[in-house]
Amino acid sequence: MKISDARVCVLRIEGTNCEEESFQCFRRLGAKPEKVHLKQLTGTDVTSDEKRSLPDYHILVIPGGFSAGDYVRAGAILAARLKSRLSQDLAEFVREGKPVLGICNGFQVLVETGLLPATSGVMAAVPEAVLGTNDSARFECRPTLLKKVNRGLCVFTSIISDDRISLIPSAHAEGKLMFPLDREKGMLRELDDNDQIVFKYVDPRGRLAGYPWCPNGSTGNIAGLCNRDGNVFGLMPHPERVFFRFTHPDWPRSPDGAGDGRPVFESVLRYISKKL
Amino acid sequence: MSTTDLYIRQRAPFELSEVNLSECTDEQLMEISRESGTGLSLEEMQAIRGHFVERGRHPTDVELQSIGQAWSEHCCYKSSKVFLREYVFGIDNRQVIDRGDAGVMEFDKDHAYALRIESHNHPSAVEPYGGAATGIGGILRDVLCMGARPIALVDPLFFGPLNLSSAKLPEGIKHPKYLLGGVVAGIRDYGNRVGVPTVSGGLWFDESYVGNCLVNVGCVGIADKRNVRRNAVRGPGDVLVLVGGRTGRDGIHGVTFASAVLTEESETESRGAVQLGDPIMKEPVMHAVLEANEKGLVNGMKDLGGGGLSCVVGEIALAGGCGAEVDLTKVPLKEEGLAPWEIWVSESQERMMLSVSRRNVDKVLHIFKLWDVPATPVGGTIKEKRVRLYYEGVKVFDLELDFLTAGPEYCRPCSASRAGRRTKERVPKARARYDRVMLKLLSDHNICNRDWVIRQYDHEVRANTVIKPLQGRVGHWTHGDATVIKPVEESFRGLAIATASNPFAVGIDPYRGGKGCVDEACRNLAAAGARPHSLTDCLNFGNPEKPDRLWQFRETVRGMGEVAGGLDIPIPSGNVSFYNESPKGPVLPTPVVLGCGIVRDIRKCVTSELKGEGNSVFVIGRTCKEMGASSYYRITKSHSPRVPDVDIDALRAGVDIVARGIERGAIVSCHDISDGGLATALSEMCIGGDIGADVDLSGLGRMRGDVKLFSESNSRWVAEVRKGRERQLPKDRRTTAVRIGTVGGDCLRLRSGRTLADVRVSSLAKAFNEPLWRSVG
């Protein structure tokens, strides 16, 4: 399909607050994004003009923010609302190979719904991992360096060269990826075998490093994961914030070129232009 | 003297009394003022009595409460207006679009920006987390109700010293460390949740803030010009729609609490005056309000802040030349059993009043329904300029707006206090080397790295923050001077935002100190490549009923107005916070300036850290021996009454040199010279760039070495000029630009004839980066 026909659903509810910049990234690349309230998909309190249907879209984006305030576990409330009303639609969407992107709070939602890491099947019945409170116990807004470790499965990073270090900033209080302790080693091995690990936090020389390079203490320095088919991708850092060079934290030192986040959006649009 | 007989319980199925003022003695009048919690003075109570005696009836408790709100210092600026009118209201130019709850300025042909700053001091002193959070909530609504989308938050904070020993902590006062932690967490948890980046601010420490910390909060918003609204109804027949949070007993008498001195009992007596914030109500309120407004469904709007409904209904109606009728029964409540007067004056958060034409009401309600935000028509506007209130069918309030909103205005006595003014100079002894002084200054809590605070705030959400509060090579962060936002998708035009305050200078010489604050805001903006365009100010002072405090206020405002006027920079909004006193005395007089500047092309902006080996270092602006209130004098326990003055011509010339030098690409980094002087500014630039510099200060004139290093003379910048582009730095006879050295190496070496200091950049960084983490990390 043509990129200009690609319909992108940027999902929002109260407290999602990165929808505008996520929307803009797709618009700038020529796709057809739309900010859609969850109630438009479930048909609650809306007129027939406002009603939308998830299968009509080609890409689903769950943007960053604090959906419903995140007063429980981050992402848990939106995940519960999604699962209670749209479980079938979501599973079908993923099964068809349509891409789903979860950024920051969106990543937390994908883990809570069981769409990530989903080491077996499309959607786990109970969460297999959690994005827990940062080791610093604080919200951390800081530039982070991500090394692409994915060997080619993830459809959101296909045009990023192997081992490239991208500057994609983080801003979250709960980004420490953790697995059940007794299964941690096995899960890590499985994720690696399945090529589900996409980005890792590194220092400027590309080495796995501790705080502040890894802002949260994440297991294995993992910053982003995809599912077994590579079409569901979640990451804590915000690629939509560095679409342009001039929103990089140090851009006056090297003002030329695109932002490091842009290839994430280009990759997925290239994927759907070929596959769908 | 008993007042029980004066309250006449009315026959109504709810709590309602009339107050018999007509036969009151003066003592009884004051007793009623106290009992009602309104804090009205005797003269004010007498004026109220006169009004009702003329009309031959008694006021209801609802009416009395309402007048108390409207006539409070917080709401009607009764002590400050006379000076503000004289010195700052007059600065006007064609770029000012409106002066409502927030000021509105022209951004470009099609867009406007809104700006406002205010204080949330007393609530934060009692309950730092909630006080700071609701401060943000309030300022967001001020910008929102102009029809603008909030795009940046600013948080200047003032506390007592972090290392204050508990023994020195007065009764009933919370420790500065606790207050700082609570305030930062409140700003973080509210600001991050509503998705508006916190991009600027400041952190100051002084003994005078121990009993009364200052928490100011500013906001900037952007709007299409056609979506800008006034805080006014369109005319009679408009429907008043109350949207957002429910109304409860939190925040009753907030304005009265803000208009009195804090006491040992504030914690227990005034806890109920602190409102409760709910960012996840505010976030959808912003969406829904903006959506309704962009669809042209809203005639005018206003936020419910101090005084709650009692202030908003009268003001929004009167601004549109109308009156209003409201049915309090319709107001959605958090709990049952509120008396009508409580509903009327409650300052519960997250509420706004929309004025909507009857035919649009259903469309507005539908939008709010989608976002699950309560929206309720509670009344309408009428031709007569009066407000009538009903509760369960009973009329409980009927007042002329001219009387209700005609709060008193005072020209209170003001005079300089003689006692306590130190005129004698105490000069620090000259040293051979200043390495250790430099490091000590960098570690001073008033100077050191604020990353502990800044990194807890999301300063990038919305992805428009082009120049960020922390700048430098990745992993080597230093402070910037201004933050730059790119607010319009299709344009490279930028909005620069900077915060300035110097309470130490204002404390010694309020007139010059006031001038200096405006100067600092302008030089911060210029340092990023912006032209100063507008200012908003929050003026935090002591009790205005004391002549010396009011004198400080007047002199400060005079100084600020002089510089802003001289540069033709309007101040379209602002806030005055008096009564910042505790039993220990007043806070330092603290004017806070939030400056906005226009950047023609954000791709030309520069940051503060040094960029490259071999580039030239310039000082722009004249260095003078004006050491009063300098950080250097404060850490060496020295004193001078001579506070830096402002030469308006030199400031204007300096701003122009810096802004044009940046636009031409000659200047590649720039930092204003303020706290800690030239040595500190250079150190910060080295720390961010992780590179040294070799600097010779002989060209600055004949002065002691420490004056050259640490003077905080105004209108000065350090600029790094690209090698070979030195001649492209603009020249101006009204100020100076002197080449002082070269970027390179891993040490900052400062000479003036002989070596004054030579310190490794890594040592500078360690001194600068660690102190705050050690104290609060």
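Two residues are taken to be in contact if their C-beta atoms, placed from the backbone, lie within 7 Å. Keep in mind that this is a predicted model.

**Where the chains meet**

With that cut-off, 34 residues of chain A are in contact with 35 residues of chain B. On the chain A side, helix 1 (19-28) and strand 6 (140-142) each supply at least two of the residues that touch chain B. Sorted by class, that side of chain A has 15 nonpolar, seven polar and twelve charged residues.

**Chain A as a whole**

Chain A has six helices and 13 strands. Its C-alpha atoms fill a box of roughly 55 × 45 × 35 Å along the principal axes. Buried residues account for 55% of the 276 residues in chain A. Take the contacts in chain A between residues at least 6 apart in sequence: 75% of these join residues at least 24 apart.

**A seven-stranded sheet in chain B**

Over in chain B there's an open sheet of seven strands, with mixed pairing and the order 10-12-9-13-11-14-15. Strand 10 (300-303) and strand 15 (394-400) of chain B are its edges, each pairing on one side only. Direction ignored, neighbouring strands of this sheet are turned by 20° against each other on average. Helix 3 (residues 61-70) of chain B packs on the sheet, where it touches strand 14 (386-391) and strand 15 of chain B. The direction of helix 3 makes about 40° with that of strand 15 of chain B. Inside the sheet, strand 11 (residues 323-327) and strand 13 (residues 375-382) of chain B pair in the antiparallel sense over four bridges.

**Pairings around strands 28 and 30**

Further along chain B, strand 28 (residues 693-696) has two faces: B:Ala693 and B:Val695 are on the covered one, while B:Asp694 and B:Asp696 are on the uncovered one. Strand 28 of chain B is joined to strand 30 (residues 737-743) in the antiparallel sense and to strand 31 (residues 747-752) in the parallel sense. B:Asp694 takes part in both pairings: its bridge partner in strand 30 of chain B is B:Thr742, and in strand 31 of chain B it stands opposite B:Arg749. Strand 30 of chain B also pairs with strand 26 (residues 616-620) of chain B, and there B:Val617 has B:Gly741 as its bridge partner.

Here are the strand pairs of chain B side by side.

| Strand pair (chain B) | Sense | Bridges |
|---|---|---|
| Strand 11 and strand 13 | antiparallel | four bridges |
| Strand 28 and strand 30 | antiparallel | three bridges |
| Strand 28 and strand 31 | parallel | four bridges |
| Strand 26 and strand 30 | antiparallel | five bridges |

**Two helices crossing**

How do helix 16 and helix 23 of chain B cross? The axes of helix 16 (residues 435-443) and helix 23 (residues 677-689) of chain B come within 10 Å and cross at roughly 70°. Angles of 65 to 115 degrees count as roughly perpendicular, so helix 16 of chain B is roughly perpendicular to helix 23 of chain B. Helix 16 of chain B brings B:Met438, B:Leu441 and B:Leu442 to the contact, and helix 23 of chain B brings B:Ala679, B:Thr680 and B:Ser683. By class, the residues of this contact are four nonpolar, two polar and no charged.

B:Ala500 is in strand 20 (residues 494-500) of chain B. Is B:Ala500 buried or exposed? B:Ala500 counts as buried, because it has 27 C-beta neighbours inside 10 Å. Leaving out residues up to four places away in sequence, B:Ala500 touches B:Cys517, B:Glu520, B:Ala521, B:Asn524, B:Val593 and B:Gly595. From B:Ala500 to B:Val453, 47 residues apart in sequence, the distance is 17 Å, C-alpha to C-alpha.

B:Asn93 is in the loop between helix 5 (81-87) and strand 3 (96-99) of chain B. With 12 C-beta neighbours inside 10 Å, B:Asn93 counts as exposed. Setting aside neighbours within four places in sequence, B:Asn93 is in contact with B:Asp568 and B:Pro570. B:Asn93 and B:Pro570 are 477 residues apart along the chain, and their C-alpha atoms are separated by 6.9 Å.

How values were computed
Residues are numbered from 1 along each chain as its sequence is written. Chains are lettered from A and ligands numbered from 1 in the order in which they are written. This is a predicted model: local features need pLDDT of at least 70, side-chain atom pairs count only at pLDDT 80 or more; totals for chains, interfaces and linings use all residues. Ala, Val, Leu, Ile, Met, Phe, Trp, Tyr, Cys and Pro count as nonpolar, Asp, Glu, Lys and Arg as charged, and the others, Gly among them, as polar. A residue is buried if 20 or more other C-beta atoms lie within 10 Å of its own, exposed if 12 or fewer, and partly exposed in between; C-beta atoms are placed from the backbone. Two strands pair if DSSP finds at least two bridges between them. Axes are lines fitted to C-alpha atoms, for helices over the stretch in contact, and angles run from 0 to 180 degrees between N-to-C directions. Angles under 35 degrees count as roughly parallel, over 145 as roughly antiparallel, 65 to 115 as roughly perpendicular and the rest as oblique.
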